[in-house]
Amino acid sequence: MAEQFLMTAGPLLDEKGQLIEKGYQTYLSRSYDRNAIKAGKLRIKEWDYYCICSPEAVLALTIADNSYMGLDSITLLNIGEKWQHTNSPMRILPMGKTGLPATSEKGDVSVSGKGYSLSFKNDGTVRTLDVHMDNFAKGQPIDAHVVLSDVPEDSMVIATPFAGAPKAFYYNQKINCLLAEGSVSFDGRTYEFHKEDSMGVLDWGRGVWTYSNTWYWSSLSGRIDGVPFGFNLGYGFGDTSAASENMLFLDGKAYKLDQVIFDIPKTADGKDDFYATWTVKDNKGELDLTFTPLLDRASLTSVLVIESDQHQVFGYFDGTARFGDKELKLDHMFGFAEKVKNRW
């Protein structure tokens with residue numbers, strides 16, 4: 001990859017609905033305005049996704065407005081017992097009425113449907129997530145209340161175009177290492193989140209995509225020698241020639257990586273073997289990791305012209321990462337890596 005471009009401040013889109021700048025930043029420098037989009041309104045996709053991890057459990061929550069389809073998703077994963085449940089009600093033709101904020105810095109969004117509700121509140125200092133679903137899994141309800149705080153100074157922000165589609169774009173922010181406190185209750189058990197050992201990541205996405213895409217994404221938030229450490233790694237989505245989304249985070253500060261590749265082993269018949277040990281490396285010798293899968297949260301949806309084949313794999317990372325002149329050792333750190341193929 002050639003030089004990566006650091007974005008300046010200003011509007012995201014010009015009067016033609018095209019990206020003014022393509023590149024990356026460590027904060028939300030460009031302002032998003034849904035009304036500035038000139039592509040077909042059915043192509044607009046907006047979502048907030050939170051993934052909160054403790055030593056015992058993972059809680060993942062999504063509120064998405066994909067114009068022709070809204071998606072409200074709850075996932076609970078038990079790490080020790082290696083099980084997960086996901087329930088994702090859909091809404092028809094929300095067309096932006098979900099009201100997802102134009103910025104990640106402040107704003108609230110809530111959704112509800114038959115027997116469920118999700119609420120994400122952000123007062124600019126803390127994020128309060130409240131969830132209820134009557135029949136989450138096994139005929140049992142789920143309730144969660146989690147507060148995320150201590151937003152790090154730096155995050156991963158990228159504005160990505162799509163080749164051959166000038167009005168398509170992806171504006172994305174990943175905020176790692178948010179401290180988590182709260183609990184989730186399901187099936188007679190309560191899972192606790194404490195700031196000392198629990199962290200969350202926000203995946204904030206706004207954009208207009210092309211129809212068919214395959215992407216790879218990996219995220220980790222934890223501590224090395226007591227210091228908050230995390231990473232955001234990914235590729236395959238859009239034209240990333242101006243910048244990749246690969247970053248390391250240490251004590252709130254970001255360190256930019258260039259290109260990263262996930263080496264997923266193959267089965268004898270040539271398919272991805274998601275439960276085998278992966279390797280994750282960059283092109284400049286700054287990242288050398290192995291990923292040992294624990295659980296594949298696999299999901300396949302195929303309805304007419306819509307198809308989504310998702311493998312979000314949770315597991316453990318080991319290896320080394322260079323943060324400037326520091327070499328950091330990852331020892332059995334919990335995170336996830338995924339491969340997702342979408343036609344929608």
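This is a predicted model: local features need pLDDT of at least 70, side-chain atom pairs count only at pLDDT 80 or more; totals for chains, interfaces and linings use all residues.
Local features here need pLDDT of at least 70, side-chain atom pairs count only at pLDDT 80 or more, and totals for chains, interfaces and linings use all residues. Residues are numbered from 1 along each chain as its sequence is written, and side-chain values use heavy atoms, with hydrogens and water left out.

**A covered strand**

Let's start with β13, residues 156–162. Strands here are DSSP runs of E, at least two residues long, numbered from the N terminus. Seven of the seven residues in β13 are buried, where buried means under 20% relative accessible area, exposed means over 50%, and partly exposed is in between (1.4 Å probe, protein chains only). In a regular strand the side chains alternate between the two faces of the sheet. In β13, Met-156, Ile-158, Thr-160 and Phe-162 sit on one side, Val-157, Ala-159 and Pro-161 on the other, and both faces are covered.

What does β13 pair with? Strand β2 (residues 23–25) runs antiparallel to β13 over three bridges, with Gly-23 opposite Ala-159. Strand β14 (residues 165–186) also pairs with β13 in the antiparallel sense, over seven bridges, and here Val-157 stands opposite Gln-173. For a pair to count, DSSP has to find at least two bridges between the strands. The hairpin of β13 and β14 has two residues between the strands, and Gly-164 takes a positive phi near 80° there.

Gln-173 turns up again as a contact (heavy atoms within 4.5 Å) of Ser-104, along with others including Leu-28, Arg-127 and Trp-204. Ser-104 lies in the loop between β8 (90–92) and β9 (109–113), yet it is buried at 5% relative accessible area.

**Two cores**

A nonpolar core is a set of buried Ala, Val, Leu, Ile, Met, Phe, Trp, Tyr and Cys residues joined through side-chain atoms within 4.5 Å. The largest one has 75 residues, and Cys-51, Ile-74, Phe-169 and Tyr-171 have the most contacts inside it. β14 gives the most to this core, with ten residues. A second, separate core has 27 residues, among them Leu-257, Val-280, Phe-317 and Met-333. Phe-169 touches Thr-160 and Phe-162, among others.

**Salt bridges**

How many salt bridges does a search of the whole structure find? There are 13, each a side-chain nitrogen of Lys or Arg within 4 Å of a carboxyl oxygen of Asp or Glu. Here are three of them.

| Glu-21 | Arg-30 | 3.1 Å |

Asp-154 is buried at 8% relative accessibility, whereas Lys-253 is partly exposed at 38%. Shared partners join Glu-153, Asp-154 and Lys-253 into one network.

**Positive phi values**

Most residues other than glycine have a negative phi. Asp-251 has a positive phi of about 50° although it is not a glycine; it lies in the loop between β19 (247–250) and β20 (253–256) and is exposed at 55% relative accessibility. His-332 also has a positive phi, near 55°, but its place is in strand β25 (residues 326–343), where it is partly exposed at 48%.

Definitions and conventions: Helices (H or I, at least four residues) and strands (E, at least two) are DSSP runs, numbered from the N terminus. Lists of a residue's contacts leave out its neighbours within four places in sequence.
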